[in-house]
Amino acid sequence: MNIKGWWWKILGVLIYLYVIIGGLTVPLKPGVLKVDPASANTGTKLELNITGYNTHFSDATENKAWLKTDSGHSIKARDIHIVDDMHAQLIFELPEVLPPGEKVQPLTLIMDNEKDGAFVQPNAIFVKAKENTTSGTEGWDEADFGHIHTADGIAFPYRNILHETIRNTFFHVALWFAMFIMLIVGLVYAVRYLRTHDYSYDIKSSAYNKTGILFGILGLATGSIWARFTWNTFWTGDVKLNMTAVTLLIYLAYLVLRGASSDTDKKAKISSAYTIFAFVAMIPLLFIIPRMTDSLHPGNGGNPALGGEDLDNTLRMFFYPAILGLSLIGVWISTLVIRYEMLKERLFQNQK
Amino acid sequence: MNISKVKDIFIKELSVEFRQRFAVGGIFLFAATVVFLIYKSFNDINPREWTILLWIIMLFAGLNAVVKSFLQERRETYLYYYTLFDPIDLIVAKLMYNFVFLTSLFVIIIAIMSVFAGFPVKSLGLFVTGSLVGILGIAIVFTFVSVISATEGGNSTLMSILALPLVLPIVLLLLKISAVSVRLMTDTSIGQDIWMLVSIDSILLGAMILLFPSLWRS
Amino acid sequence: MKNNNIQNTVFRFVVFFLITFLSVDLRAESEVIDFMRNSGKIYSVVAVVAVIFIGLAIYLFRLDAKLTKLEKRINDQ
């Protein structure tokens with residue numbers, strides 16, 4: 001076999017293998033799973049029960065904890081009782097007054113030890129000011145945590161609700177990018193067909209479109225599974241979801257169009273034209289409309305975000321290779337379809 | 001592009017349409033029947049149902065109407081056109097005709113609906129501009145798809161399979177704009193949606209004008 | 001003939017979607033959900049990877065079957 005023509009197929013599989021192994025085995029950063037109670041009053045002794053995730057409370061010797069207000073004031077935990085690696089009880093003396101601001105303020109919990117490094121739980125607890133008290137900063141320190149540890153090794157960020165499913169970024173999200181790449185390749189071949197009327201371009205265009213549709217359907221299926229366990233539902237009225245469904249419908253109509261036509265030349269012309277039209281119609285669907293409306297998706301409407309600065313470097317180490325690997329595998333599958341169709345076409349020509 | 005040629009084709013289409021008065025009548029009858037049927041089954045149509053009804057009826061009546069515009073003509077007529085006109089003139093004329101036709105259909109549907117279910121629109125300017133821009137988009141998609149299905153031998157099943165997903169985004173935006181204009185919801189950035197529609201219209205129009213000549217040659 | 005083709009394709013897609021969604025729905029008992037939510041919802045990641053793998057495999061199997069048919073036709077000639 002011709003090894004030169006094989007390298008990119010092997011590369012694609014190896015890259016995707018790296019993504020699966022790495023994406024499933026790299027641990028998550030420590031985080032806080034549960035904080036109990038959820039609210040407290042000022043001027044009381046607060047016993048905060050923490051359930052950690054991937055934490056090593058009892059292994060560590062220098063456990064520290066703070067509560068911080070949005071205005072940048074903080075108090076340090078007076079005492080920390082370690083139950084086990086995952087459980088701890090923090091004792092805080094809440095001051096009599098809250099720093100200037102709302103009557104009820106969310107406090108951010110910050111924990112630090114030398115094993116886990118520092119980790120943060122935003123809005124861990126809501127503190128209610130007593131009636132008839134003015135605000136003030138007595139009892140609060142300026143937020144200054146002194147020396148904070150950083151953990152060794154690579155780990156994925158911990159996000160509320162998402163937890164381990166943050167790994168789906170490499171599998172679910174990468175599918176959409178790979179789908180888009182396949183559809184772009186399909187579009188390019190459709191344009192080339194219309195310019196040259198070389199039938200092989202049409203075969204290529206349809207093969208890449210089909211692979212794109214396959215990725216799209218897989219994307220919807222995986223998205224639905226992910227949604228089931230984070231948002232509790234298979235399908236939501238979420239714009240991104242519905243717009244993608246419409247995109248898939250447009251491309252499924254493309255398959256119907258190809259199935260309906262028997263004349264090769266006509267089929268090629270029509271389906272190339274439709275590909276271009278469908279792609280153009282898809283752009284506002286996938287990129288503009290979802291951006292205009294709130295979405296449940298990470299990064300929209302105050303949800304835990306993955307995009308932008310939140311796609312941190314450890315995620316990038318697997319996310320970009322996932323797109324590349326999946327695209328290479330997609331190209332491979334497409335070339336198989338192309339070879340099949342070409343063979344069929346040649347057989348058909350011979351029979352005539 | 002030759003403006004006078006475009007005008008000629010446009011007028012020809014219009015006169016053909018008026019000669020086949022039964023076909024036009026059929027579409028309007030369809031709209032009237034559907035409105036009446038739904039009025040009878042709902043008895044009381046609230047603004048939300050009103051907007052949804054309007055666009056659903058519009059969509060299906062329009063689909064029926066535009067299917068004809070390319071399918072009614074025979075192959076020989078096409079050949080004749082081909083020798084006579086520039087493809088871009090032809091498609092622009094067809095599009096204009098479809099647009100005018102859909103707009104009048106829209107006005108008539110609204111008239112019928114006002115009789116049965118009232119006219120809940122509060123911000124008329126928004127409603128009219130939004131609807132016109134949206135109808136232009138629908139006309140573009142329907143024209144393009146009717147060209148495709150005419151090339152494919154006048155298959156009207158194909159037409160609806162291809163057209164409906166393509167107009168979905170436009171109809172979704174239209175529903176939102178109508179909902180705002182009957183004050184079902186308030187949205188200060190509704191102007192953005194209209195610009196969105198305008199930009200969808202223009203890219204679809206561009207794609208259609210670029211693609212039509214190569215489709216036409218068959 | 002032509003209409004048959006369209007109907008077939010549409011029918012196949014409808015069946016495909018129904019099967020995918022129903023099969024997921026039937027399994028959606030609360031025990032399963034609890035299991036999937038265990039240890040930081042890691043099993044839902046596993047399920048996602050499995051779905052991708054199964055999807056690709058089904059596509060390849062279909063291609064394989066089509067190729068076998070084609071080979072038969074070539075051999076028959």
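Two residues are in contact if their C-beta atoms, placed from the backbone, lie within 7 Å. Keep that in mind for this predicted model.

**Stop 1: where the chains meet.** Select chains A and B. Here 22 residues of chain B are in contact with 23 residues of chain A. Now color helix 6 (124–151), helix 7 (156–181) and helix 8 (190–216) of chain B; each supplies at least two residues of the side that touches chain A. Helix 8 of chain B gives the largest share, nine residues. By class, this side of chain B has 16 nonpolar residues, five polar and one charged.

**Stop 2: a helix pair in chain B.** Select helix 5 (residues 87–117) and helix 6 of chain B. They pack at an angle of about 130 degrees, and their axes are 9 Å apart. Show side chains: from helix 5, residues including B:Leu95, B:Phe99 and B:Phe106 meet residues of helix 6, among them B:Leu132, B:Ile135 and B:Phe142. This contact has 11 nonpolar, four polar and one charged residues.

**Stop 3: the cores.** Select A:Leu175, B:Val141 and B:Leu162. These have the most contacts inside the largest nonpolar core, which has 133 residues. Helix 2 (residues 168–196) of chain A supplies the largest share of this core, 17 residues. Zoom in on B:Leu162. Leaving aside residues up to four places away in sequence, B:Leu162 touches A:Ala253, A:Leu257, B:Val145, B:Ile148 and B:Ser149. Finish at a second, separate core of 26 residues, which includes A:Leu90, A:Leu98, A:Leu109 and A:Tyr158.

Technical notes:
Residues numbered from 1 in each chain as written. Chains lettered and ligands numbered in written order. Predicted model: local features only at pLDDT ≥ 70, side-chain atom pairs only at ≥ 80, totals over all residues. Helix = DSSP H or I, 4+ residues; strand = E, 2+ residues; numbered from the N terminus. Nonpolar A, V, L, I, M, F, W, Y, C, P; charged D, E, K, R; others polar. Axes fitted to C-alpha atoms, helices over the stretch in contact; angles between N-to-C directions. Core = buried A, V, L, I, M, F, W, Y, C linked by C-beta atoms within 7 Å. Buried ≥ 20, exposed ≤ 12 C-beta atoms within 10 Å, placed from the backbone.
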